[in-house]
Structures are given as structure tokens and as C-alpha cells.
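This report goes through selected contacts in one protein chain. Please keep the sequence and the 3D view at hand while reading.

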Amino acid sequence: QTLPKAEAESGSISVFKWKHFNLFPKAFGQVMDRFNIHELHLTFSKGEWNQKAWGYPFVPAPSGMELIALLEDDSIPSEYGTDDAWTRATRELAGMFCASINQLDSEHATSPVQTFFGENNFGGNKTLSLRYGQLPNEVSCTENLTPWLKLDTCRSEAGLATLLVPKEIYSARHHTMGTHFRRVCYDNYANSEGNTSEVKDQWSGCRRRVAELVQTLTVVIDHDSKIGSLKSLLGSHTANNITIPPCEVAYTSMAYVETGLDTVSDTKQKIEKVANAFGQATTNVLSYDLNEYAGLNENMLTGAGSTLSSDNLVTPPISIQRSTTGSGQLYGGISTTISNDDNFQIGLRVLEVIPAYIRIRPSTLEIKSNGVLWNRADVLEAVKFDLPRLDESSGTMEFKFNIPANMTITLHYQYEKLFQAIAKFPPDANRGFDIPAVAVFYETGSGVETTVSSYASPLLSRLLFQPGMKMRVYSNLLLTMMPLPDFSMPFNVITLSSTVIALFFGSTMNHLSRRRSKEKPTPLKERIKNKLMLLKDILFGDKQ
């Protein structure tokens, strides 16, 4: 990951009011400033995260594309409203990242009120509006990776970005590319030792206003290769003596590797024992200061984890799975199964985005556990339905409830499939329509106290959990078949109409545009002479 910061001048209200952006990407900062975006999280993912095999996700994200934004209503220019600012911001981000972010208009974006939390839990006296949207069918490709690398200060010339080979990244089992922006108030954000201080919860009295842009990339690759999976990411840097140079303008350059080693002979290396989320086990983390090593050597990555055991892998206590029910093209149902595998009760907040092309029936909502139907009033502490409006906007369903220890519950409801205009159908209508993933939010229990920032390292943020840290997991995506019209009939009508119009139009234009020459009539004497000559040739022919 990379973490450039932009700091406001003394006495300045906004972070980006000066012309010189230094290391912060100017194009991105201007978009954030123009539309007064307080916080933004944009992720591109391919493949679903297998938490049972890989543990906690480094950066939680659903498959496809996800965008979360907090807009400051009080600071939006008068010529923009909140919805207009959101639409304009998505258009500019779409051009910047070469993606279909502009499709997250009012029809695909929602405004949840009970589920999402800001990464900094900070707003002060500001009025913040949340906008959230998913594009499940957005395919992540190199067209997104190239502009993402341009946001990095050293781009792909130095630092960890030199390890990124598009072919290997996009052939991996899973990858998540994230861009995370937030405005925070850090007094003495980084001192001479590089330590971070507390985050202020109010703008008033803040001496240092900071804007952070965090770029993260998570790649899951198979370990079946003979050389080692990390070598495949190095591309042409396959020799052991090749060193990846650190970014010269970086304040610090650190590499963290989970390792099975207890001691190391190199005095520059440091090993720390880190307890996992609930203190069930410890993991050794080997840290490298790349400035002391003048770069990152491949041996640091491939040799450190050779004895790493999977016994320390801790899976999230909450898992979620979705499936569709019913048959036919008129009605259907969705079942969401949530399991709590821990020995204590956990409070959950569930967010479901309902697309505009299905109409849910809230009265059919059922909650079951082991086949026993539960009373909704006894289980759900808070429920909010924001039903979608056809051809206008998506809707949301938000639930808040507690799931008992070692319990699995199922939420099921029915929906009606609505008829769509022919322009609304995707190119392959028989594939079906995408239903976004469900997001489940919960808080960790009695974790381990730590002073490490959640942005210090995705690896450490996964291992060093704070008590009450807000976590989220996503379900799998769903496909639903919609009522399909007879696509051959519009084709036949268009073909026949086009043929008739072409014949009529062509014939009419031919008669209107043809020029007729006026010839003088041949005299009668001359006509008789010509006919006699013709008759002579027929009767007698050419004697020669």
C-alpha cells in the first residue's frame, strides 16, 4: 500500500485550497475538493474472498466494484445539490479510473442510515450524506490498474509497485484494488520517530488538517509453482540478487511478512509476536525497514514464510451465504444464511441493496433457525425498508439484531420480477440480472489493545484488532432471471420495416432525381429509310 498525505496551511479551512499539491495526486485531490467529499472508498475486486481458507480479508470488498462516499452537505457549492454533486463526482471518477462508475446514478446508488461507519468515525458539527453503490458486473482489468498506479507518487518506477505484473495479478484467484480517501485532523500526525498521535474528533481547535489517500492491493495466488508464488509477481526480477529500490520520496518504506521463524540472525530484522483478533493464538510478524536494506530483496519474501503454519489462521466468526429460491419468470425468493461460529453473542447490522428491477414483499420476511420459525418482533431490534421505485432508484433493507453463540439463522423473503424496457436488458439477457452482495457489519469482542493505525499496514490491521473494531463481510453475488420478451419479434419488425422503407425511399428518390434528355423527333422519311435498310439486311444479309 501507499499513503500520501496533503496537509493544510496554517489557518486554512480546506486542505486543498493551495495550488501546489506536492506528492498528493492533483487530479484526485481537486475532485475531492470540488465536491467536498469527506471520505471515499473505491474498490475493484475479482473473485470472492474465501474467508474459511484465507482468514480475515485485508480490505473487505464485494466482487465487482463498490463505492462508498461521505459528502459534506454544508460545504457543497450552492450550484450543486448533494445528488448533483454525487452524479458529477461519479462521472469524473469514471474518467479518472477508466471504469463505469458513472452508472452509479440515483438508480444504482442508495443512502443507508443504520449500517455504514466512517473509517475515522469523525464528522464534528458537519452534516454528512452517505452514498453507497455496487456494480457486480464491473470487470476489473488493466485499464483500471494503469490509472490506479498513476496515483502513486513513484508510480511503477520504484517501490512495491515495480512488483506488479498485470498478467499475474489478473490471473490470480482473487485480487482487490482499493483507493481510500479521508479527511482527518491529526495534531502532530507524524513526529520525528514516525509515530502517529491521536485523531481529533472535532475540526474546531485542530492545528493540523490532513487528507490521506491510501492505495491497497490484495492478491491471492496459488502455491503450486515450483519456484514460489511471489516470484511470479516479480516478472523479470526473478534472480535472487535483484533488489527492488524503495521510493525515494517516501517518508518510510516498510515490508511486513508473516513468518514461522522465532529468531533471526540479522540485527536489522525485527520479529514481533502479535495476538490475533480474540487472543486465541499468536503470529510472528517479520518487519523490514527498506531504507536500511536499500530496497526489497526477493529472499526477504520467499524465505521468511517457509515454515509458516496454518494453525494460526483465524477465520471471521461471521459467515454469510445467499441463494435464490423459486422458479419461473414472475416470482422468486432470496435466502440469506448467517452463521456465528464463536462462543459469544454478536450484534449484527445487515444491509441489502434492492435493485429497481425487483419488487420485494416485506410481509413475506421470515427468520428461521434449524427449521424453527422465529417471531420477527422478538429478533429484529431495528428494521428499515426503503423500497425501490421502478426506473427511479434502488432500495435498501437494513436489519439490526443479535445472533446467539454457535447459531445459524436464515432470512428469507419473496419478490416479484418486474417487466423491463428492452433498453434495460444486458447484451446477454439469458445470463440474468445481477443482485448486489449483502454487507454484514459487526464489532469485535475483547480484542488486543494496539496503537497501530488501521492504515499502517493491511497485514497488521488484520492481525492487530482493537476492542470494538467495526468489521464487515460480504456475501456471494446472485443472478436472477427476469421476464424475457420475444427478442425475435422486434428484430423481424425492424427488418421488415427497414426493407419497406428502403424500397419506397429508393424508388421515390430514383424518380425524383433522374434527369430526362429532350431529343428531337426523327422525320418520317428518315424513319422509313432506316426500316428499309434493316429489312434489306435481314433478307439478303451481308454477301461478303
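A salt bridge is a side-chain nitrogen of Lys or Arg within 4 Å of a carboxyl oxygen of Asp or Glu. The model shown here is a predicted one.

## Salt bridges

Searching the whole structure gives eight salt bridges. One of them joins the side chains of Glu-212 and Arg-182, with N and O 2.8 Å apart. Because Glu-212 sits in strand β7 (residues 209-220) and Arg-182 in strand β6, this pair ties together parts of the chain that are 30 residues apart in sequence. Strand β6 itself covers residues 174-185. The two side chains also make a polar contact of 2.8 Å.

Glu-212 has a relative accessibility of 1%, so it is buried. Arg-182 has a relative accessible area of 5%, so it is buried too.

Another salt bridge is formed by Arg-431 and Asp-434, whose closest N and O atoms are 3.1 Å apart. Arg-431 is partly exposed, with a relative accessible area of 41%, whereas Asp-434 is buried, at 12%.

## Helices α1 and α3

Two packed helices are described by the angle between their axes and the distance between the axes. The axes of α1 and α3 come within 11 Å and cross at roughly 170°. What does this angle say about the directions of α1 and α3? Angles over 145 degrees count as roughly antiparallel, and α1 and α3 are therefore roughly antiparallel to each other.

Which residues meet where α1 and α3 are in contact? On the α1 side they are Ala-27, Phe-28, Val-31, Met-32 and Arg-34, and on the α3 side Glu-92, Leu-93, Met-96 and Phe-97. Sorted by class, this contact has seven nonpolar residues, no polar ones and two charged ones.

Arg-34 and Glu-92 also form a salt bridge through their side chains, at 2.9 Å from N to O. This pair links distant parts of the chain, since Arg-34 is in helix α1 (residues 26-34) and Glu-92 is in helix α3 (residues 82-97), 58 residues apart. Arg-34 is partly exposed, with a relative accessible area of 35%. Glu-92 is also partly exposed, at 32%.

## Two residues with positive phi

Asn-36 is not a glycine, yet it has a positive phi of about 50°. Asn-36 belongs to the loop between α1 and β2, the latter being residues 37-46. With a relative accessibility of 12%, Asn-36 counts as buried.

Cys-98 is not a glycine either, and its phi is positive at about 55°. Cys-98 is found in the loop between α3 and β4, where β4 is residues 109-110. Cys-98 is partly exposed, with a relative accessible area of 41%.

## Tyr-413 and its surroundings

Tyr-413 is part of strand β20, which covers residues 407-417. At 3% relative accessibility, Tyr-413 counts as buried. What does Tyr-413 touch, not counting residues up to four places away in sequence? The residues touched are Arg-322, Gly-332, Gly-333, Ile-334, Glu-352, Ile-354, Ile-360, Thr-364, Leu-365 and Met-397.

Two of these partners can be described further. The side chains of Tyr-413 and Glu-352 are joined by a polar contact of 2.9 Å. Leu-365 is 48 residues from Tyr-413 in sequence, while their C-alpha atoms are 4.4 Å apart in space.

## Thr-396 and its surroundings

Thr-396 is located in strand β19, made up of residues 395-403. Thr-396 counts as buried, with a relative accessibility of 1%. Leaving aside neighbours within four places in sequence, Thr-396 is in contact with Thr-110, Leu-351, Glu-352, Ile-354, Lys-384, Phe-385 and Asp-386.

Glu-352 and Ile-354 are among the contacts of Thr-396, and Glu-352 and Ile-354 are also among the residues that Tyr-413 touches.

Terms used: Residues are numbered from 1 along each chain as its sequence is written. This is a predicted model: local features need pLDDT of at least 70, side-chain atom pairs count only at pLDDT 80 or more; totals for chains, interfaces and linings use all residues. Side-chain values use heavy atoms; hydrogens and water are left out. Helices (H or I, at least four residues) and strands (E, at least two) are DSSP runs, numbered from the N terminus. Buried means under 20% relative accessible area, exposed over 50%, partly exposed in between (1.4 Å probe, protein chains only). Contact means heavy atoms within 4.5 Å. A polar contact is a pair of N or O atoms within 3.5 Å; within protein, one must be able to donate a hydrogen and the other to accept it, and residues adjacent in sequence count only if both atoms are side-chain atoms. Axes are lines fitted to C-alpha atoms, for helices over the stretch in contact, and angles run from 0 to 180 degrees between N-to-C directions. Angles under 35 degrees count as roughly parallel, over 145 as roughly antiparallel, 65 to 115 as roughly perpendicular and the rest as oblique. Ala, Val, Leu, Ile, Met, Phe, Trp, Tyr, Cys and Pro count as nonpolar, Asp, Glu, Lys and Arg as charged, and the others, Gly among them, as polar.
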